Amino acid sequence: MPEFFESRAGKQLLALIASALILWSVGYGWHIQIFNIFRSLSVPTIDILVLSVFIVGLASFVYSLLRIFDLRKEMQRQHEHARRAHWIATHDHLTRLPNRYAFEKFEILQAPSNDEAPRLPIATIFSIDLDGFKKVNDLVGHQGGDQLLREVSKRLAAFAAEGCVFRFGGDEFIVVARGLAPEKEERFASLIIHSVTRPIQVGMICCQVGASIGYARWPEHGDLPQDVCHKSDIALYEAKSKGANTSFLFHEDMQLKVSARAKLEGKLRDAIEAGRIKPFYQPLIDLRSGSVCGFEALARWTEEDGSIVSPQLFISIAEETGLITTLFQQLLKVACEDAKLWSDDIVLSFNLSPVQMEDRLLTSRILEILKAVGLSPARLEVEITENALIEDPDLAASIIDDLHNAGIQIALDDFGTGYSSLAQLARYKFDKIKIDKSFVTSLRNKGDRHEKIVQALLNLSRGLEIKTTVEGIEENSQLAYFLQHGCDIGQGYLFGKAMPASETVSFLESRDQMVHNTAAVSAHS
Ligand code: C2E
Ligand code: CA
Ligand code: CA
């Protein structure tokens with residue numbers, strides 16, 4: 001109640017009551033004069049009651065008018081608030097494009113009733129995801145990144161009717177094209193890619209991002225907009241896995257692939273938790289002496305039913321899901337323990353995933369494990385692929401420097417297969433280069449192009465005084481070739497496949513024996 005009298009309506013009521021009382025008392029005090037006035041006007045006698053009713057009536061009328069006026073203003077304000085709240089809930093404030101919520105309520109994609117279905121045009125939903133946006137964002141800062149997103153949304157808006165381009169957050173956009181003939185969809189997607197990937201000027205910097213697109217049709221691939229969008233996202237996932245600037249139409253097979261992957265992801269979590277993924281060790285052979293100079297740890301996952309999951313598959317899932325750090329720490333710990341079984345001159349080589357090169361804590365994580373296990377950093381070598389260096393070259397350089405300063409050796413893995421540039425070799429401190437096994441298998445004829453590339457790689461590393469390892473040696477002829485051309489270390493099925501820790505000690509003994517016997521035979525002859 002007190003609040004009412006504090007409100008505008010309450011104050012007005014009090015003011016009116018006060019005015020009415022004043023008017024009434026004045027009228028009462030002077031009623032004789034008022035009667036006289038009325039009498040002189042020959043109006044019938046009016047008593048105090050009539051005067052009161054008149055004044056109260058007048059006050060109520062004025063009060064009602066004021067209330068109606070206020071109510072109208074309040075309704076307008078509420079309407080404006082509701083309109084604003086709806087806009088905020090259904091739009092992305094940065095690009096001013098409608099958002100995911102608006103998309104779900106998008107009326108042109110609502111389930112058609114059966115009788116109107118044939119008359120409705122189809123719509124194609126394009127899910128667009130920018131490639132390399134994070135890198136550009138790091139380069140130009142958040143404000144620059146915002147500017148880039150606004151420019152991309154403007155470019156996308158040119159492809160569809162108003163209200164048909166959505167931003168789902170981050171660098172994800174949706175374009176809905178109505179009545180697009182199926183044979184024109186692919187061309188439409190490539191035009192979008194072409195438009196988005198054109199350079200964008202952000203302040204003084206000229207930036208470029210890539211775009212991957214997945215698309216699906218409404219109502220062919222689902223009745224509800226979110227169902228069709230889910231399908232176009234699955235196609236987008238496929239496009240992303242095939243590399244930047246590609247587009248794919250949704251296909252049922254993609255759904256099966258995604259489901260199988262999701263199932264495997266669950267199993268991988270369980271396997272990591274149960275410690276079922278173990279490091280196996282493939283020997284690295286010093287080609288000149290023939291003795292073992294190290295072991296490369298390779299992850300092996302054997303399921304309870306005895307089936308084996310390929311490391312390439314589960315490592316890529318672990319990378320995508322962020323499980324790689326836990327898996328890496330778990331495997332490295334076991335591998336460091338196992339390495340203590342070997343003599344001090346035998347190095348443990350361990351693979352790092354490209355995503356780990358974005359982890360600023362990587363060196364401290366490794367050093368912590370080495371310290372806990374009691375293995376010297378000099379016994380550890382990490383293998384990094386060229387692709388691990390392109391995402392953030394500066395961060396990669398600083399991680400490599402940290403590892404180096406800690407006394408850990410660094411090998412450049414799969415050399416010649418990634419986005420390598422010779423400048424990289426000069427920039428980073430590598431102790432070793434591993435020539436990829438594809439060069440060994442393709443080494444058929446002397447003097448052909450493959451052989452020339454291998455020669456060039458060997459000359460390059462010799463010039464830079466970096467040791468070379470060649471992987472994938474399966475035949476004696478291959479061994480002879482690399483031995484003859486001055487390669488330092490060899491790895492491959494010819495020497496041995498990856499084996500469990502329990503077999504490494506006997507392998508080392510038999511290899512020592514073999515080297516000893518060979519030396520004895522050479523001494524005799
Ligand atoms: P990678 O690092 O290039 O490992 C060498 C791969 O070549 C291994 O396959 C090995 O078994 C295979 N290989 C060795 N010698 C020969 C040969 O003579 N002939 C043929 N045909 N193949 C040979 P694997 O074990 O299937 O591993 C595949 C990839 O998975 C590895 O390639 C590595 O990139 C990744 N990987 C494996 N274990 C780990 C791990 O613990 N962490 C990370 N980050 N990646 C791993
Ligand atoms: Ca490797
Ligand atoms: Ca390799």
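Me: Of the five residues of strand E11 (residues 347-351), how many are buried?
Reply: This is a predicted model, where local features need pLDDT of at least 70, side-chain atom pairs count only at pLDDT 80 or more, and totals for chains, interfaces and linings use all residues. Residues are numbered from 1 along each chain as its sequence is written, chains are lettered from A and ligands numbered from 1 in the order in which they are written, and side-chain values use heavy atoms, with hydrogens and water left out. Buried means under 20% relative accessible area, exposed over 50%, and partly exposed in between, with a 1.4 Å probe and protein chains only. By that rule E11 is mostly covered, and the number of its residues that are buried is four.

Me: In E11, which residue is the bridge partner of Phe295?
Reply: Strands (E, at least two residues) and helices (H or I, at least four) are DSSP runs numbered from the N terminus, and two strands pair if DSSP finds at least two bridges between them. Strand E9 (residues 292-302) and E11 run parallel, joined by four bridges. In E11, the partner of Phe295 is Leu348.

Me: And which residue of E12 is the bridge partner of Phe350?
Reply: E11 also pairs with strand E12 (residues 380-385), in the parallel sense and over four bridges. For Phe350, the bridge partner in E12 is Val382.

Me: Which residue of E13 is the bridge partner of Glu381?
Reply: E12 and E13 run parallel, with five bridges joining them. Five of the seven residues of E13 are buried, so this strand is largely enclosed by the rest of the structure. The partner of Glu381 in E13 is Gln409.

Me: Is Asp414 buried, partly exposed or exposed?
Reply: Asp414 is found in strand E13 (residues 409-415). Its phi is near 50°, a positive value in a residue other than glycine. Most residues other than glycine have a negative phi. With a relative accessibility of 23%, Asp414 counts as partly exposed.

Me: And Arg96: buried, partly exposed or exposed?
Reply: Arg96 sits in the loop between helix H4 (48-90) and helix H5 (100-104). Phi is positive here too, near 65°. Since its relative accessibility is 55%, Arg96 counts as exposed.

Me: How do H12 and H13 lie to each other: roughly parallel or roughly perpendicular?
Reply: Helix H12 (residues 362-373) and helix H13 (residues 393-405) pack at an angle of about 25°, with their axes 9 Å apart. Axes are lines fitted to C-alpha atoms, for helices over the stretch in contact, and angles run from 0 to 180 degrees between N-to-C directions. Angles under 35 degrees count as roughly parallel, over 145 as roughly antiparallel, 65 to 115 as roughly perpendicular and the rest as oblique. H12 and H13 are therefore roughly parallel.

Me: Which residues of H12 and H13 make the contact?
Reply: Contact means heavy atoms within 4.5 Å. From H12 come Leu362, Thr363 and Ile366, and from H13 come Ile399, Asp402 and Leu403.

Me: Which residues are joined by a cis peptide bond?
Reply: Most peptide bonds are trans. Here omega is about 5° for a cis bond, and the residues joined are Trp218 and Pro219.

Me: How far apart in space are Phe61 and Phe166?
Reply: Phe61 lies in helix H4, and with 53% relative accessibility this residue counts as exposed. Phe61 and Phe166 are 105 residues apart in sequence, and their C-alpha to C-alpha distance is 52 Å.
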